[in-house]
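Please read the points below with the model open beside you, and check each one against the display as you go.

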Amino acid sequence: MSSERILTVARAGREAVMWEMENDPSVFVLGEDVFTFGGVFGTADGLGEIFGPERILDTPISETGFIGLATGAAMAGMRPIVELAFIDFIGVCFNAIANLAAKHQYLSNGQVKIPMVLMLGAGGGYNNGAQHSQYLLSTLAHMPGMVIVAPSNAYDAKGLMHAAIRSDDFVVYVGQKKVAGIGLLGSPIKTSMAAVPDEPYTIPFGEARIVQEGTDITFVGVSWTVHQCIQAAERLEAQYGVSVEIIDPRTIVPLDREAIFKSVSKTGRLLVADEDYQDFGFTGEVIAGVVERDPTILRSPPVRVANPNVNIPFSRPMEQRVLPTADRIFEATVALLGL
Amino acid sequence: MTDVIVPNDMWDDDREGVIVSWLYLSGASVTEGEVLCEVMVEKAQSDLLSPASGILTIVEEADAIVSRGQVIGRVD
């Protein structure tokens, strides 16, 4: 195989799953439509043919049942990867996630490990309505007991998936639908595709990536909003000569607060873009992590660009208004800097 | 020189497809049998494999509408 290939996020993550399954018999995949359909968003595409129905398990529409099952399997030493296509439905299995998977390691004083990965499809922009478009990262990140990763590009998707499967902790792997690069949701975002080595590699949890360096303002994005930040930064540079530094935390829990603080120390300004609901969420958490350490490094008030706490409209133009798009990031920056 | 062609058996009627993404840039060296690009018709996506080993030249970029049998690149 050539090292010049450029993968989509979905393909890169799947490659890591495939490698781990080939090399570790305790790894298996379960979820709705994974064997026959390859996962609603292609996360298990082709795996059924390779590994068969005993390692790629189609489950009934019973999220509490199969996430509970996976937690039990993990406690017994297996390494399950659970596919849940829509993060919106964590509600129906919240007990299995929050009270079983996230707590048994603590409750057993570390005697029981939970080497389990929960893959979640998240995000909107496709007129899927209020119940199939949410991001909800902060709902999970609010609680202890789980690692949460949210890759923005193919290189990180593969490295974080290897790390997630090999981890003895419960890892929630959030795949942003718009970033996955699967055809039925439109052509892939160019900056989400990346050169990906053939061989396996891991990316450590809690280590942010500086997407681009700059001096006037720091943008922090998550997965899809990283790409919105990149597009907004290009326009700000071209039209106003604004130099933007962009930080991609890559993992939400643990969060690389140090990298964010260091960047804001340099730029003096902070804008956080997130697709989740704004109130009580990621954007406020990132800002708090900076100002509780030293509020004097900020030259301007911090800015949040997120869903303005409304249910996500089905109508396309209305949905576009609530998404944290490059336009909104651009306009918020222009207003902040008085350009 | 070998043309990269959308296979006639990729789908079974005269609908048009779309190139979702190329997994290589023009000028990359590719190996026969590995996935070169993804093509979608309706909502079904298929992998298009390289017909030869050599240097890839892309003729039809991502997002291009393509038909079965169409030349979308070549390998030299």
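This is a predicted model: local features need pLDDT of at least 70, side-chain atom pairs count only at pLDDT 80 or more; totals for chains, interfaces and linings use all residues.

1. Residues are numbered from 1 along each chain as its sequence is written, and chains are lettered from A and ligands numbered from 1 in the order in which they are written.

2. Chain A contains 14 helices and 14 strands, where helices (H or I, at least four residues) and strands (E, at least two) are DSSP runs numbered from the N terminus. The radius of gyration of chain A, taken over C-alpha atoms, is 20 Å, close to the 20 Å that the globule rule (2.2 Å times the number of residues to the power 0.38) gives for 339 residues, so chain A is as compact as a globular protein of that length. Along the principal axes, the C-alpha atoms of chain A fill a box of roughly 60 × 45 × 40 Å.

3. Of the 339 residues in chain A, 54% are buried; a residue is called buried if 20 or more other C-beta atoms lie within 10 Å of its own, exposed if 12 or fewer, and partly exposed in between, with C-beta atoms placed from the backbone. Two residues are in contact if their C-beta atoms, placed from the backbone, lie within 7 Å, and among contacts in chain A between residues at least 6 apart in sequence, 78% join residues at least 24 apart.

4. Strand β11(A), residues 244-248, deserves a careful look, and five of its five residues are buried. In a regular strand the side chains alternate between the two faces of the sheet. Here Val244(A), Ile246(A) and Asp248(A) point one way, whereas Glu245(A) and Ile247(A) point the other way.

5. Which strands pair with β11(A)? Two strands pair if DSSP finds at least two bridges between them. Strand β9(A), residues 209-212, runs antiparallel to β11(A) and is joined to it by three bridges, with Ile210(A) opposite Ile247(A). Strand β10(A), residues 217-221, pairs with β11(A) in the parallel sense over four bridges, and Ile217(A) stands opposite Val244(A). From β10(A) the chain crosses through helix α10(A), residues 224-240, to β11(A), and this β-α-β crossover is right-handed (with the strands pointing away from the viewer, the path from the first strand over the helix to the second runs clockwise).

6. Ala44(A) lies in the loop between α2 (34-37) and α3 (47-51) of chain A. Why does Ala44(A) count as buried? Ala44(A) is buried because 26 other C-beta atoms lie within 10 Å. Leaving out residues up to four places away in sequence, Ala44(A) touches Val29(A), Val34(A), Gly38(A), Gly39(A), Ile56(A) and Glu83(A).

7. Turning to chain B, four strands form an open sheet in the order β1-β8-β6-β3, with antiparallel pairing. The edge strands are β1 (2-5) and β3 (29-30) of chain B, each of which pairs on one side only. Four bridges join β1(B) to strand β8(B), residues 71-75, and Ile5(B) has Val71(B) as its bridge partner in β8(B).

8. Finally, 14 residues of chain A are in contact with 16 residues of chain B. On the side of chain A that touches chain B, the residues divide into seven nonpolar, five polar and two charged; Ala, Val, Leu, Ile, Met, Phe, Trp, Tyr, Cys and Pro count as nonpolar, Asp, Glu, Lys and Arg as charged, and the others, Gly among them, as polar.
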